[in-house]
Amino acid sequence: MRRLINIILVFILLVLTGVSFADETRGVSTFAEDLGPNLKVGKQYLVVIGISEYQYWLPLHSPVKDVLEIRDILTSRYYIDKVFELYDHEATKADIIKLFIKLQEKVQINDSVLIVYSGHGHLDENSNTGFWIPVNAGTDIYEQHNWLPHTQLKGLISNIKASHVCVISDSCFAGDLIYNTRSIPANIDAEYFKRSYSRVSRQVLTSGAAEAVPDESEFAEQLKSILRRNQNRFLDALMLFNEVRLGVESSIPLLGALGGTGHQEGASFVLFLREEAQ
């Protein structure tokens with residue numbers, strides 16, 4: 001009798017697990033069908049890096065709080081399969097590089113990767129080189145110890161096999177990452193998404209151009225608001241940018257291609273809204 005009960009319990013567990021898995025798969029499959037018979041929607045990866053408490057640089061008030069809220073909105077309302085996270089003391093230069101190398105090893109060709117960074121940024125005007133500033137970065141502007149140059153970031157991203165990568169950088173001088181900028185196209189329809197998703201995208205959405213941006217991020221607040229309120233099944237980088245820039249007055253948000261990483265003209269990263277969030 002006990003053995004029979006155990007078998008029944010195992011069967012019920014398998015059935016429940018199967019139903020849950022089928023529901024999730026069916027949701028993602030619907031998006032693939034809508035985008036076209038030959039397009040595949042792979043796994044959706046989210047990378048979150050936020051630094052408020054620095055070892056040597058002045059602390060920032062909002063980065064970790066902002067990216068945690070963005071993470072929670074994205075994972076609750078959009079299809080996200082896996083989250084990679086680095087906060088404050090975890091976000092050393094070495095660990096950021098290790099994370100990107102892990103993505104190179106794990107991510108497959110049909111997958112998408114969204115990278116969200118909030119923290120200090122710096123522009124070396126003598127070399128016109130922009131940097132992310134990891135938690136253990138020094139402050140000597142000549143030594144530049146543990147600074148992470150945008151050129152190195154581009155190289156790390158270019159070796160990720162994903163079809164789509166989008167970087168959202170809420171930091172000073174982030175506009176240095178961008179090769180060119182674009183505004184939203186006139187017609188957003190089914191054909192637009194089929195065309196843009198069939199091409200390889202490497203995009204950057206920044207809180208500002210070659211400028212300092214405020215610690216209390218108006219950009220982040222606008223971004224969170226849009227991600228919360230969106231009711232479109234497909235939300236691509238161009239649509240997101242167009243909404244963000246309308247609500248930001250303290251800086252000039254930009255969207256463009258990540259130069260030298262294989263971005264194809266007309267391609268775009270897409271977020272997929274969960275059915276229960278519609």
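Analyst: A quick definition to start: a residue is called buried when its relative accessible area is under 20%, and exposed when that is over 50%. Keep in mind, too, that this is a predicted model.

Let's take strand β11, residues 254–258. Here 5 of the 5 residues are buried, so the strand is largely enclosed by the rest of the structure. As for its partner, β11 pairs with strand β9 (residues 201–206) in the antiparallel sense, over 4 bridges. One spot to look for in that pairing is T206, which stands opposite L254 of β11.

Now follow the chain into the loop between β11 and β12 (270–272), where you'll find T261. Its relative accessibility is 7%, so T261 counts as buried, given the cut-off of under 20%. Leaving aside neighbours within four places in sequence, T261 is in contact with K154, S158 and R202.

I168 sits in strand β7 (residues 164–170), and at 5% relative accessibility I168 counts as buried. Again leaving aside neighbours within four places in sequence, the contacts of I168 include L205, along with L114, I115, V116 and Y117. F219, L223 and L240 are also among the contacts of I168. V48 is 120 residues away from I168 along the chain, yet their C-alpha atoms are separated by 9.7 Å.

Conventions:
Residues numbered from 1 in each chain as written. Predicted model: local features only at pLDDT ≥ 70, side-chain atom pairs only at ≥ 80, totals over all residues. Heavy atoms only, no water. Buried < 20%, exposed > 50% of the residue type's maximum accessible area, 1.4 Å probe, protein only. Helix = DSSP H or I, 4+ residues; strand = E, 2+ residues; numbered from the N terminus. Pairing = 2+ DSSP bridges. Contact = heavy atoms within 4.5 Å.
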